[in-house]
Amino acid sequence: MIAQNINNIISDIPENVKLIAISKTKPNEDIMTAYKNGHRFFGENKIQEMSRKFSELPKDINWHMVGHVQSNKIKYMAPFVELIHGIDSFKSVRIINKEGNKNSRVINCLLQLKISDEDSKFGLEKEDLKEIIFSEEYLKMKNVKIKGIMAMATNTPDTNVIKSEFMFAKKTFDEINSSGYNLEILSMGMSNDYQLAINCGSNMIRVGSLIFGERN
Ligand SMILES: *Cc1c(COP(=O)(O)O)cnc(C)c1O
């Protein structure tokens with residue numbers, strides 16, 4: 001099932017769109033089923049769980065942190081994380097840079113843009129996000145790289161609302177790229193809305209339940 005689900009999604013999306021399989025709460029066996037089918041990109045939302053899975057599973061897995069990141073937890077994933085999606089403060093960017101330096105690597109991250117009015121959704125306002133990217137301070141940082149934008153739409157059945165939120169993220173992405181900074185990744189779209197997200201310009205989707213089944 002899991003392998004088939006991944007195959008179905010991959011055959012359904014354009015080649016330039018990367019699928020991150022969100023394996024949070026799911027056992028190692030489920031991840032290994034996908035792994036044996038050739039999948040290497042997995043996402044988790046809790047640092048402790050991701051670190052445990054990193055230590056127990058094959059080392060060529062690319063681990064993505066998609067949850068909200070507390071700045072004091074960054075050090076635990078700094079040695080191995082492939083991409084941190086949910087960065088929403090300059091403070092966290094600074095800490096990533098510091099931890100990247102300690103680990104002699106450049107840590108890739110995405111800034112989370114707030115596109116939903118829901119209080120439960122984290123994220124930076126557009127102007128604050130731009131301010132970080134175009135700041136002198138960030139420009140000088142050697143061990144953190146902002147690769148793109150991550151966004152989460154409102155949890156609603158109204159596709160018009162979701163679409164306008166995704167379009168806002170794409171517009172922000174394009175504005176930044178036409179102002180001289182090269183963002184590569186626009187991470188948006190989950191099990192219920194990934195097709196819509198891709199239609200709005202997403203090139204990285206984060207899909208969990210559609211691959212691994214519902215979580216408890
Ligand atoms: C859990 C989660 C997903 C995957 O959600 P599904 O609806 O199961 O596809 C994607 N992004 C983030 C940030 C998540 O926390």
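## A walk through the predicted model

At 52% relative accessibility, T25 counts as exposed. Keep in mind that what you're looking at is a predicted model. T25 sits in the loop that joins β1 (18–22) to α2 (28–36). Most residues other than glycine have a negative phi.

You'll find S104 in the loop between α5 (90–102) and β5 (107–113), and at 66% relative accessibility it counts as exposed.

Go past the T25 loop and you reach α2. Which residues of α2 are buried? They are N28, D30, I31, M32, A34 and Y35. The cover over these buried residues includes α1 (2–12), β2 (41–44), α3 (47–56), β3 (62–68) and α10 (209–212). After the helix comes G38, with a positive phi near 105°.

Now look at F42, which belongs to strand β2. Is F42 buried or exposed? F42 is buried, because its relative accessible area is 0% and buried means under 20%. Leaving out residues up to four places away in sequence, F42 touches I20, A21, S23, I31, A34, Y35, I61, N62, W63, H64 and F212. Among these partners, I31, A34 and Y35 are buried residues of α2. There is also a pair to find along the chain: F42 and E82 are 40 residues apart, with their C-alpha atoms separated by 9.8 Å.

**Salt bridges**

Side chains of opposite charge can pair when their charged atoms come close. How many salt bridges does the model have? The count comes to 11. Here are three of them, with the gap between N and O atoms.

| Pair | N to O distance |
|---|---|
| E56 and R52 | 3.1 Å |
| E99 and K102 | 3.2 Å |
| K171 and E175 | 3.5 Å |

E56 and R52 are 4 residues apart in helix α3, so about one helical turn separates them. E56 is partly exposed at 45% relative accessibility, and R52 is partly exposed at 38%.

The E99 and K102 pair sits in helix α5; the two are 3 residues apart, so they are separated by about one helical turn. E99 is buried, with a relative accessible area of 7%, whereas K102 counts as exposed at 57%. What does E99 touch besides its neighbours within four places in sequence? The contacts are I74, K75, A78 and I107.

K171 and E175 both lie in helix α8 (residues 159–178), 4 residues apart, or about one turn of the helix. K171 is partly exposed at 47% relative accessible area, and E175 is partly exposed at 22%.

**A negative patch**

E125, E127, D128 and E131 form a negative surface patch. D128, one of these four, lies in helix α6 (residues 126–133) and is partly exposed, with a relative accessible area of 40%.

Technical notes:
Residues are numbered from 1 along each chain as its sequence is written. This is a predicted model: local features need pLDDT of at least 70, side-chain atom pairs count only at pLDDT 80 or more; totals for chains, interfaces and linings use all residues. Side-chain values use heavy atoms; hydrogens and water are left out. Patches are made of residues with over 30% relative accessible area and no salt bridge: like charges are joined within 9 Å, nonpolar side chains (Val, Leu, Ile, Met, Phe, Trp, Tyr) within 5 Å. Accessible areas come from the Shrake-Rupley method with a 1.4 Å probe; for residues, only the protein chains shown count as cover. A salt bridge is a side-chain nitrogen of Lys or Arg within 4 Å of a carboxyl oxygen of Asp or Glu. Lys and Arg count as positive and Asp and Glu as negative; His and the chain ends are not counted. The place of a charge is taken as NZ of Lys, CZ of Arg, CG of Asp or CD of Glu. Buried means under 20% relative accessible area, exposed over 50%, partly exposed in between (1.4 Å probe, protein chains only). Contact means heavy atoms within 4.5 Å.
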